[in-house]
Amino acid sequence: MTDDPQTRPNRLDLGRVFNEVPELYDRVRPGYPDELFADLGAITGMERRSSVLEVGCGTGQATRTLATLGCSVTAVEPGAGMAALARQRLASFPDVDIERSTFEEWDDRGRRFDVLVAAQSWHWVDPSIGWQRAHDVLSPGGWMALLGHVVVRRPGEPEVYAETADLHERFCPGNPDWGHPPLEEEVRTTDEGWGLVDGPGALFGPTIVRWYPTVQWFDGDGFADHLRSLSLFRRLDRDVREPLFDAIAERIRSRMGNRASRRYLSVLRVGQRAE
């Protein structure tokens, strides 16, 4: 999943927010670079037949790579539509099991795992429950891994929000979540701890942080579809967001040559379970 925890709706709305558009979500959301998974394996010792618990698998983007690596994956997903699409997408992998539940309410049935992976989903988990549960379901010496994306910009490079800020204000004035993405070089300095989520205290050891620059390219309609998959925009009333998306798509066509980038720093944060 791809959302800033500072703009999240109530956690109880998670299944509804993303479950409305599972196919769109699967099509437009960025994946994770191969280098990230290579580093994840090198750091954690994850290999074929390792047992992995994935929290909030969405439509199975990260799950597929974990399965391709030969891991046995149990994936927990609260949204019925998202879970159904993940099962469809991953039907050819016999060692992947999709279980529909929130992580807080999930029945682990005494199972223990080598690695817990949460790809753009941990900020939806109640930290007062989630960190202790993560510690409890990991085997001794197990690892916690948070995967994510941070939208960034580079100086002097055309950026969609800069070209459409007036449209955002026209259709939804005063929204405190509007704003320019941070500069890439500034984000790279935030390489301590678990990012913007509340930390686990003494339950996990020091984090290892790695950054991976990635970029997606869209035409105007494609960028509008990308925005349709984000909780920040899905929370808007339809009669506000759809005219806004139409205006943004037209602005990309008319001022940006119908070609717009969404630049990210993908990030891997890994820590080992404390005994």
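This is a predicted model: local features need pLDDT of at least 70, side-chain atom pairs count only at pLDDT 80 or more; totals for chains, interfaces and linings use all residues.
Reader: Is helix H9 enclosed or open, and what is the reason for saying so?

Author: Buried means under 20% relative accessible area. In helix H9, which covers residues 220–228, eight of the nine residues are buried, so the helix is largely enclosed by the rest of the structure. The buried ones are Gly-220, Gly-222, Phe-223, Ala-224, Asp-225, His-226, Leu-227 and Arg-228. At the start of H9, a side-chain oxygen of Asp-219 comes to within 3.4 Å of the backbone nitrogen of Asp-221.

Reader: How do helix H7 and helix H11 cross?

Author: Two packed helices are described by the angle between their axes and the distance between the axes. Here the axes of H7 (residues 160–171) and H11 (residues 238–255) come within 10 Å and cross at roughly 145°, and the crossing is right-handed. Among the residues that make the contact are Val-160, Leu-167 and Phe-171 of H7, with Leu-244, Ile-248 and Arg-251 of H11. By kind, the residues of this contact divide into nine nonpolar, two polar and four charged.

Reader: Which residues do the ring pairs link into a cluster?

Author: Rings of Phe, Tyr and Trp pair if their centres lie within 6.5 Å, and by this rule there are 11 aromatic pairs. One of them joins Trp-106 and Phe-113, a tilted pair with 6.2 Å centre to centre and 45° between the planes. Trp-106 counts as buried because its relative accessibility is 4%, and Phe-113 is buried too, with a relative accessible area of 4%. Ring pairs link Trp-106 and Phe-113 with Phe-103, Trp-122, Trp-131, Trp-194 and Phe-204 into a cluster.

Note on methods:
Residues are numbered from 1 along each chain as its sequence is written. Side-chain values use heavy atoms; hydrogens and water are left out. Buried means under 20% relative accessible area, exposed over 50%, partly exposed in between (1.4 Å probe, protein chains only). Helices (H or I, at least four residues) and strands (E, at least two) are DSSP runs, numbered from the N terminus. A polar contact is a pair of N or O atoms within 3.5 Å; within protein, one must be able to donate a hydrogen and the other to accept it, and residues adjacent in sequence count only if both atoms are side-chain atoms. Axes are lines fitted to C-alpha atoms, for helices over the stretch in contact, and angles run from 0 to 180 degrees between N-to-C directions. A crossing is left-handed if the near helix is turned anticlockwise from the far one by less than a right angle, and right-handed if clockwise. Contact means heavy atoms within 4.5 Å. Ala, Val, Leu, Ile, Met, Phe, Trp, Tyr, Cys and Pro count as nonpolar, Asp, Glu, Lys and Arg as charged, and the others, Gly among them, as polar. Rings of Phe, Tyr and Trp (its six-membered ring) pair if their centres lie within 6.5 Å; planes under 30 degrees apart count as stacked, over 60 as edge-to-face and the rest as tilted.
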